[in-house]
Amino acid sequence: MLLLLKRKYTTSTLIMTATALKQVNKKLKNLPDALVEEVEKYIDFLAFKYKQESEQVPQWHKDIVLRRINDPQEPVDAFDMLEDLDSE
């Protein structure tokens with residue numbers, strides 16, 4: 001079970017004290033195997049979410065978003081756009 005936490009993560013993506021690691025490991029040992037798999041998937045999700053949140057958004061992307069926020073025209077309906085494409 002301890003390998004579960006160390007297998008996919010390096011110290012740069014998941015910093016855990018020895019005490020916290022022992023507590024989590026103890027809880028994992030008491031779970032049925034089916035739930036351990038769910039926990040592993042959840043850890044993968046949290047690592048992905050953390051990575052997404054910590055990445056820098058490029059300036060060009062911020063500019064586009066700000067331009068769209070400040071644009072006085074009505075928002076574009078994506079479903080209407082798809083219908084227009086289908087009719088062409």
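Good morning. I begin with Glu 37, which forms a salt bridge with Lys 41, their closest N and O atoms lying 3.6 Å apart. By salt bridge I mean a side-chain nitrogen of Lys or Arg within 4 Å of a carboxyl oxygen of Asp or Glu. The model is predicted, so local features need pLDDT of at least 70 and side-chain atom pairs count only at pLDDT 80 or more, while totals for chains, interfaces and linings use all residues. Residues are numbered from 1 along each chain as its sequence is written, and side-chain values use heavy atoms, with hydrogens and water left out.

A search of the whole structure finds 1 salt bridge. Where do Glu 37 and Lys 41 lie? Both belong to helix 3, residues 33-54, and stand 4 residues apart, about one turn of the helix. Helices here are DSSP runs (H or I, at least four residues), numbered from the N terminus.

Regarding accessibility, buried means under 20% relative accessible area, exposed over 50%, and partly exposed in between, with a 1.4 Å probe and protein chains only. Glu 37, at 46%, is partly exposed, whereas Lys 41, at 53%, is exposed.

I turn now to the aromatic rings. The whole structure contains 1 aromatic pair. The rings of Tyr 42 and Phe 45 have centres 6.0 Å apart and planes at 35°, so the pair is tilted. Rings of Phe, Tyr and Trp (its six-membered ring) pair if their centres lie within 6.5 Å; planes under 30 degrees apart count as stacked, over 60 as edge-to-face, and the rest as tilted. Tyr 42 and Phe 45 are 3 residues apart in helix 3, about one helical turn. Tyr 42 is partly exposed at 48%, and Phe 45 is partly exposed at 43%.

How values were computed
Helices (H or I, at least four residues) and strands (E, at least two) are DSSP runs, numbered from the N terminus.
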